[in-house]
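Here are a few exercises to work through with the model open in your viewer. Try each one before reading its solution.

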Amino acid sequence: MNYTTSEQLYKEAQEVILGGVNSPSRAFKGVGGGTPVFMEKAKGAKFWDVDGNEYIDYLAAYGPIVTGHAHPHITKAIQTAAEDGVLFGTPTRYESQFAEMLRDAIPSLERVRFVNSGTEAVMTTIRVARAYTGRDKIIKFAGCYHGHSDLVLVAAGSGPATTGNPDSAGVTKSIASEVITVPFNDVGSFKEALDHFGDEIAAVLVEPIVGNFGIVEPEPGFLEAVNELAHESGALVIYDEVITAFRFMYGGAQNFVGVEPDLTAMGKVIGGGLPIGAYGGKRAIMEQVSPLGPAYQAGTMAGNPASIRAGIACLEVLKEEGIYDELDRLGAKLEDGIHAAARKHNVPICINRLKGALTVFFDVKEVKNYADAEASNTEMFGSFFKKLLKRGVNLAPSKYEAWFLTTAHTEEDIEQTIKLVEEVFEEGL
Ligand code: PMP
């Protein structure tokens, strides 16, 4: 493939946009560097770059796209919203309509607020939990990404109950000291942290199904234990469903796992591809938020009609019968095909998959927490990524990210992908 135009555009971009990208993972840092491909156009499961190369897309914009790119129903909703005016700074009927759709799907959302990103949604749930409990500290799980607000940029912490160090310059030690990090799927460490810091903990922040060090499901009983122990110590439970909401079923991962949090943060899928975030939860807790309560949260763009109407349209599509079963069926086919190709060419992989989302890890037996994912082979993934890209398959450029199928992927897309994966394995990583 020829990438001349991408190379030129990347050079120019670096002269004006810091690092040439507006989100760091787009710079191919996770795959040993190189020129990121500049995409021009996307439709369904396909991408075309500025040099005219075609790709089957599994990045899905890091998760928001479930119905395929430029889905006609969502496109129409965005067009109509544009014609009617995209921003009013007043309430609109669409916000309540959409909030009701979300609550119908996820009953723990007794009251909802819309914001503009997953980062904002998570950040605000933490503020609300602190306001409600009158406590300062939070517990999070190692390796889980919850956006780029100060508190959650603390992922470090080897071993249980260590008070974190910031992962980013500019995050103060005092902020980091308010975050306790424990390994995912480890009830013992979680309990130890609560025993030590229990009456200081405002909330436990958890992705009910992890999406940020690959797809990692909770072990049986883990989320139940988190809820029970957190509540015993007077802490709230916040689910970060920015990736998971409407990705695995019509509703949240909380419906799927059968455990209800006190607060939920969402984003990605619920905007139908436009910028959005939302948070919500038990009414008594949400009543902490301004204008009813003392915890402040606001937004000029919050609840803007374009994002809301795109979100409504997206959920209307996802509500159709059989969508998630089909994603599961195609996901299983892809998983089986990759496994078979790996066996044939002796490539050591393990795959974590839930429905239409999966992660291929190299050179590890299983991945149940961040340390397992970290131990997987970065160079092999980098090579796999680049060789597939060259053949027309677009993955997220990091061994920690998931492949996301969409309703637009076809049987042929999956077969073609498996064929190309086999070609790559045959060539060697
Ligand atoms: N939480 C999770 C679980 C996420 O995956 C992300 C984004 N990858 C965020 C929060 C932050 O969302 P945003 O990028 O919309 O700010």
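**Exercise 1.** By class, how many nonpolar, polar and charged residues does the shell around the ligand have?

*Solution.* A word on ground rules: this is a predicted model, where local features need pLDDT of at least 70, side-chain atom pairs count only at pLDDT 80 or more, and totals for chains, interfaces and linings use all residues. Residues are numbered from 1 along each chain as its sequence is written.

Step 1: collect the shell, taking a residue as near if its C-beta atom, placed from the backbone, lies within 6 Å of the molecule. That gives 15 residues, the closest being Ser117, Gly118, Thr119, Gly147 and Val242.

Step 2: sort them, with Ala, Val, Leu, Ile, Met, Phe, Trp, Tyr, Cys and Pro as nonpolar, Asp, Glu, Lys and Arg as charged, and the others, Gly among them, as polar. You end up with five nonpolar, eight polar and two charged residues.

**Exercise 2.** Which element gives the most to the side of domain 1 that touches domain 2?

*Solution.* Step 1: grab the bounds, which come from an automatic or database domain assignment: domain 1 is 4–70 + 322–427 and domain 2 is 72–318.

Step 1: find the contacts (C-beta atoms, placed from the backbone, within 7 Å). Here 25 residues of domain 1 meet 29 of domain 2.

Step 2: H11 (323–344), E12 (349–354), E13 (357–362) and H12 (370–375) each supply at least two residues of domain 1's side. E13 gives the most, with four.

Key:
Contact = placed C-beta atoms within 7 Å.
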